[in-house]
Amino acid sequence: MLALGIGMTMAPPLSAQQPDSTSDVPVHMVVTVKAHHGGQVPAVGADDVQVYQGDKKDQVTSWVPLQGNRAGLQLFILIDETARTSLSLQFRSIAKFIEEQPATTAIGVGYMRNGTVVTAQDLTTDHALAEKSLRLPLGAAVGFTSPYLSLSDLMKKWPVSEDRREILMITSGIDPLGGGFSNDPYNNPYLEAAIDRAQRGGFIVYSIYASSAGRSGRGLFRTNLAQSGLDLLSQKTGGETYYLGFGTPVDFTPSLQDVSNRLNHQYELTFLAKSAKKPTLRPVKVKTEVPNTGLITAEEGYVGTGM
């Protein structure tokens, strides 16, 4: 009886013996692996990845390369209707980019107009159809509205999928509605709403700067702030923005090649985070000590309640 009493006294409580599964919830994010100084992208294993929320290190439970039977990708190309007609000089590069995507990638094409998206081609794995849907933008005649309203419109209507969902925007980023005449990206509710929807839905957004037609597309100060808005969008969602100076790049090919390289080196990361009282976004840092390697992901992860 004495031995039994000692055993009962020293036994740890059940809550200490077993983890409280209701306090931790899995969080899923897509991570892009990129070499810092060019060259071949290094191989990164699950043991090479660390996830932090503040100073707290979270447990990585899964690190899956998005290749083979996990290579599914839905990629939507959004073209701003207010872009200059000279954008057609880039159609050959865009068509080549579409052709080079693997058969597991479904591609859609749409035009941003009046805060919505006019779909030229629904998501399809027939890449020839996506190429044929490219056409000249309408230019300044359609009027200037927020490209971020159009982006939100696309994401809102996009069905939930187990495949990655990524977006390539071709736009000046000029938003006279949300950012005012100066186009201040840090005071733009439409940009903020688009970032929030993208992070909650797991969308990754890339953008290539293309000058707008008409007088609204002029002005170095305004252009610089518009490009900063595109930078902010890509940084927050785990994508990238491409521009050279204040005009449309002479050739989109290098930018599109970089997008392809990123799409080909992505992983699905799953880690455990403390559950929230209601679904919420929390800042997340994903790191590795593999030399010459960067891990790129959205700045915030969507944490559920665990219920």
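Me: Start with the open sheet of 4 strands. In which order do the strands come?
Reply: Two strands pair if DSSP finds at least two bridges between them. Helices (H or I, at least four residues) and strands (E, at least two) are DSSP runs, numbered from the N terminus. Here the order is S4-S11-S1-S14, and the pairing is antiparallel. Strand S4 (60-65) and strand S14 (293-296) are the edge strands, each pairing on one side only. On average, neighbouring strands of this sheet are turned by 30° against each other, direction ignored. One caution: this is a predicted model, where local features need pLDDT of at least 70, side-chain atom pairs count only at pLDDT 80 or more, and totals for chains, interfaces and linings use all residues. Residues are numbered from 1 along each chain as its sequence is written, and side-chain values use heavy atoms, with hydrogens and water left out.

Me: Over how many bridges do S1 and S11 pair?
Reply: Strand S1 (residues 24-35) and strand S11 (residues 266-274) pair over 9 bridges, in the antiparallel sense. His-28 stands opposite Thr-270 in S11. Thr-32 has Gln-266 as its bridge partner in S11.

Me: What stands opposite Thr-32 in S14?
Reply: Ile-296 does. S1 and S14 run antiparallel and are joined by 4 bridges. As for side chains, in a regular strand they alternate between the two faces of the sheet.

Me: Which strands form the open sheet of 6 strands?
Reply: Read the order as S7-S6-S5-S8-S9-S10, with mixed pairing. The edges are strand S7 (116-124) and strand S10 (241-242), each pairing on one side only. Strand S6 (residues 105-113) pairs with S7 in the antiparallel sense over 6 bridges. Met-112 has Val-117 in S7 as its bridge partner.

Me: Where does H8 lie?
Reply: Angles come from axes, which are lines fitted to C-alpha atoms, for helices over the stretch in contact; they run from 0 to 180 degrees between N-to-C directions. Contact means heavy atoms within 4.5 Å. H8 lies across strand S5 (73-80), strand S8 (164-171), strand S9 (204-209) and S10, at about 170° to S9. H8 also lies across S1, S11 and S14, running at about 135° to S1.

Me: At what angle do H3 and H8 pack?
Reply: Helix H3 (residues 91-100) and helix H8 (residues 253-263) pack at about 15°, with axes 10 Å apart. That makes H3 roughly parallel to H8. The classes are: under 35 degrees roughly parallel, over 145 roughly antiparallel, 65 to 115 roughly perpendicular, and the rest oblique. H3 gives Ser-93, Ile-94 and Phe-97 to the contact, and H8 gives Thr-253, Leu-256, Val-259 and Ser-260.

Me: Is the crossing of H3 and H8 left-handed or right-handed?
Reply: A crossing is left-handed if the near helix is turned anticlockwise from the far one by less than a right angle, and right-handed if clockwise. The crossing of H3 and H8 is right-handed.

Me: What about H5 and H6?
Reply: Helix H5 (residues 147-157) and helix H6 (residues 189-201) have axes 8 Å apart and pack at about 25°. H5 is therefore roughly parallel to H6. H5 passes H6 in a left-handed crossing. In this contact, H5 residues including Tyr-148 and Met-155 meet H6 residues including Tyr-190 and Arg-197.

Me: How many aromatic pairs are there?
Reply: Rings of Phe, Tyr and Trp (its six-membered ring) pair if their centres lie within 6.5 Å; planes under 30 degrees apart count as stacked, over 60 as edge-to-face and the rest as tilted. The count comes to 3 aromatic pairs. Trp-63 and Tyr-267 have ring centres 4.4 Å apart and planes at 10°, so the pair is stacked. This pair links distant parts of the chain, with Trp-63 in strand S4 and Tyr-267 in strand S11, 204 residues apart.
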